[in-house]
Amino acid sequence: MFRVHAGLPGRALPEEAEVTEEEPDWQTVKSELLEGVLKRGAMVARVGDPDLLADVAPGQRPSDLLPQVKSMIVLGGSAPRVGEWNSPRAEVLETVGTSDRMAAIGSALARQIEERLGYYAMNVPTSTDQDDKPFLDFTAAAVAAGAGSPSLAGPVLHPEHGFVYLTVILTSLPLPFDGPIEQPACPAPSCVEMYDQRGVTPCTDVCNIDDGGCLGGQIQDGLVIGRRYDANRCRDRVYHYWVPGYQAVLEKVLSEPDVERRKMMLYGSYFTRTMWSITYSNVSQGQCFECMRVCPVGAENRMLK
Amino acid sequence: MYARVPGGRREQDAEVTEHHDRPTARGELSGFHVVDPDLYREYRGRVVRMSNSHQVNINEFLPDTVRQRAMTDAEIAAELNLDIRDVTEIRVVAEHDEYPIEEYEASARFKDAAAESYRNGGVKNLYKGDPPPSRNPAEI
Amino acid sequence: MDEQTADELEATTLALKQLGLNSGATVVGVAAASAFNEYVPEGHRPSDFMPGAKSVVVAGSLGPSNAAWQSPNRRLMEITGYDFRENVASLVMAEHIETVHGYQAMQAPALPTSGQHPPMSMMLAAVLAGLGTRSIAANIILHPTYGLLYYAAAITTMPLVPDHQLEDNVCPARSCVKMYELEGKTPCMAVCPADDGGCIDATIDDGEITSSYFNRERCSTRAMNFGIRGHIKQVELLTAADDIDEAKAVLYSDDFRRNLSSVGRYKESVAQCFECMRVCPVGRYRRKLK
């Protein structure tokens, strides 16, 4: 592993650091870093150009979080197990999430970059900032790095693995970029075929915005156009039992004049379940997967015995 | 004291009656449903006795004629001819309602006393009479 | 994957168990999925969560450290937490089954989803995997060597060589039988008697449990002394408060803070009463270190 000049100001060089005048082979540095995270459990590891996100909403650009940023390392993985995707019981996917594993891998990588290479690195938090907005446009970062492409359903889809949990490490390490993939994963050929026959894709069929769901859109010449997305409804499904549920019940309780009915609400199963989900937030970050369950991208990996 | 499935276990092929006017779709079962307080008061005792709140003879080593299990919400609903959502709410509300908030303070005092007793004398302190002599000091 | 011979299946099963142990589990066992059918109704069986389920791989790990058991501050023991290694082990094994052996696997859903009810019982899974037997003390599953362990499991369509329920009940221990003969109570029954404000009762005849009773809701006020349930009751108080001073008294109380802290720092607050286990002789001697 290369040891390079410390990028952190005022940082004392470790005694064994090899100070070199020549430019490191960044491709080799990149390969070693990415191979390391793939060994630790990431399924996808790509590097993107943060300048490609220059036009996203202010406050959610890489440079808003790390002014010295030169690369975005986008990792994906830790999707549910095949057994969980195939379970007929929704409670399974609601309670066995492992999204925090990607955060752990990302944090470890950031620490490795800072401690061993001496460049700034941060694992961008995956929870939301004020106004319930993400710290970074994760979709744009994943697309820029070629970790996947946007989908009609919403999540970034990797062409081979389909739905994966993402984490992004911003760093001042100037790694070579991978760039966006050329062929978007969505819509899949079978979805185009289904749309031609029925006017819906699997995701818009299972969760149709015109029928109480969250999704709508058209496919024209193999591309998604006119995407419709009810973010509030989707949020209330993804966080079926979590902070929004807590707020909703409390609202009803506070406006309920009858003390016994208030008790029925507070002691009832929905509020109780919501509290459990808050308590075990790490496995409850995602309580609706129905659009992804029917998505064909990566589905061939779910054909196990 | 706590009624259970008669005979120890409901028969494996017992039919849980379905009513076309009762919701069975999962979304309806797991949504926000508020049970009527009067219904709760009326059925609370029976639902609690049939549920897992008070666990009687569930040890796997007990003979089949003695071992029991609690009833599911669906079984309770069929038994009491109630909407399964109401049964779930009655059961869950009753779980919280079994003891008032003061019980939590009493629980803390219980634990203080129990831990203190063990620290001072181990299991010997649990005897009302004289504890038996032990060849192994570590056994007490 | 081709059919395995009996020896090959045995070797595969052992290798999987070793993987679980290497991942941090203290014990690993396998239960046949069909073994659940005798004990739990439809809706709570492995096949309800995974059609075609063949095996349930159960991992158990220790909770509080031995030092925590020795602490004179029982509140410290209740929030030392533990590292959930049994969950890590079950996940590692599930993913190994899928990626290496090509069978479906999932982490068994064990968190409560309907009041106190989990979709699937990890305690029963531990019993059926031969990792322990149900005790008088709050129906806790006791491993013959380690006593109290915490359990998680992976359900899979993969056929594995199942373990079987232990032939002998770990509970009651010999010393407990002796105490019962003298006092009419075992240590756990004596420290937490159901007939005197506690949670536990049982009868023993000829060294065997002949009946048992456990008050789960009272135990919840002890084992979940701070957390969800206390918080819900305090919200009830807040919404009924007549004036802001009354509300503030609840809102800024130490109990309110501790309840929310327990909700937020759940890993440290998973179990908050150990008094029946403190006096249980099974596994206790292992807790005495230098």
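Predicted model: local features only at pLDDT ≥ 70, side-chain atom pairs only at ≥ 80, totals over all residues.
1. Chain A, overall. The secondary structure of chain A amounts to 13 helices and eight strands. Its C-alpha trace spans about 75 × 50 × 45 Å along the principal axes. Of the 305 residues in chain A, 48% are buried. Sequence separation matters for the next figure. Among contacts in chain A with a separation of 6 or more, 71% are between residues 24 or more positions apart.

2. Chain A, domains. The assignment for chain A gives domain 1 (26-171), domain 2 (187-229) and domain 3 (235-283). How far apart are the centres of domain 2 and domain 3 of chain A? Taken over C-alpha atoms, the separation is 33 Å.

3. Chain C, domains. Chain C is split into domain 1 (6-156) and domain 2 (227-268). The C-alpha centres of these two domains of chain C are 33 Å apart.

4. Chain C against chain A. This contact draws 35 residues from chain C and 31 residues from chain A. On the chain C side, five elements each supply at least two residues: helix H2 (46-49), helix H5 (85-101), strand S3 (105-107), strand S7 (150-156) and helix H10 (228-240). Which of them gives the largest share? It is H10(C), with seven residues. By residue class, the side of chain C that touches chain A holds 20 nonpolar, eleven polar and four charged residues.

5. Chain B against chain C. Here chain B contributes 40 residues and chain C contributes 44 residues. On the chain B side, the elements giving two or more residues are strand S1 (54-56), helix H4 (84-97) and helix H5 (102-121). H5(B) gives the most, with eleven residues. The side of chain B that touches chain C divides into 18 nonpolar, eleven polar and eleven charged residues.

6. S1(B) pairs with strand S9 (residues 208-215) of chain C. The sense is antiparallel, and three bridges are involved. To find one of them in the structure, look at B:Val56, whose bridge partner in S9(C) is C:Tyr213.

7. A sheet in chain C. Three strands form an open sheet in the order S4-S5-S6 (chain C), with antiparallel pairing. Which strands stand at the edges? They are strand S4 (133-134) and strand S6 (147-148) of chain C. Each has a single partner strand, so one side of each lacks a neighbour in the sheet. Strand S5 (residues 141-143) of chain C is joined to S6(C) by two bridges. In S6(C), C:Gly147 is the bridge partner of C:His143.

8. Two helices in chain B. The axes of helix H2 (residues 37-50) of chain B and H4(B) come within 9 Å. They cross at roughly 75°, and H2(B) and H4(B) are therefore roughly perpendicular to each other. From H2(B), the residues that meet H4(B) are B:Leu39, B:Tyr40, B:Tyr43, B:Arg44, B:Val47 and B:Val48. Their counterparts in H4(B) are B:Asp86, B:Val87, B:Ile90, B:Arg91, B:Val93 and B:Ala94. The contact of H2(B) with H4(B) has nine nonpolar residues, no polar ones and three charged ones.

9. H4(B) meets H2(B) within chain B. H4(B) also gives two or more residues to the side of chain B that touches chain C.

How values were computed
Residues numbered from 1 in each chain as written. Chains lettered and ligands numbered in written order. Contact = placed C-beta atoms within 7 Å. Helix = DSSP H or I, 4+ residues; strand = E, 2+ residues; numbered from the N terminus. Nonpolar A, V, L, I, M, F, W, Y, C, P; charged D, E, K, R; others polar. Domains from an automatic or database assignment. Buried ≥ 20, exposed ≤ 12 C-beta atoms within 10 Å, placed from the backbone. Pairing = 2+ DSSP bridges. Axes fitted to C-alpha atoms, helices over the stretch in contact; angles between N-to-C directions. Parallel < 35°, antiparallel > 145°, perpendicular 65-115°, else oblique.
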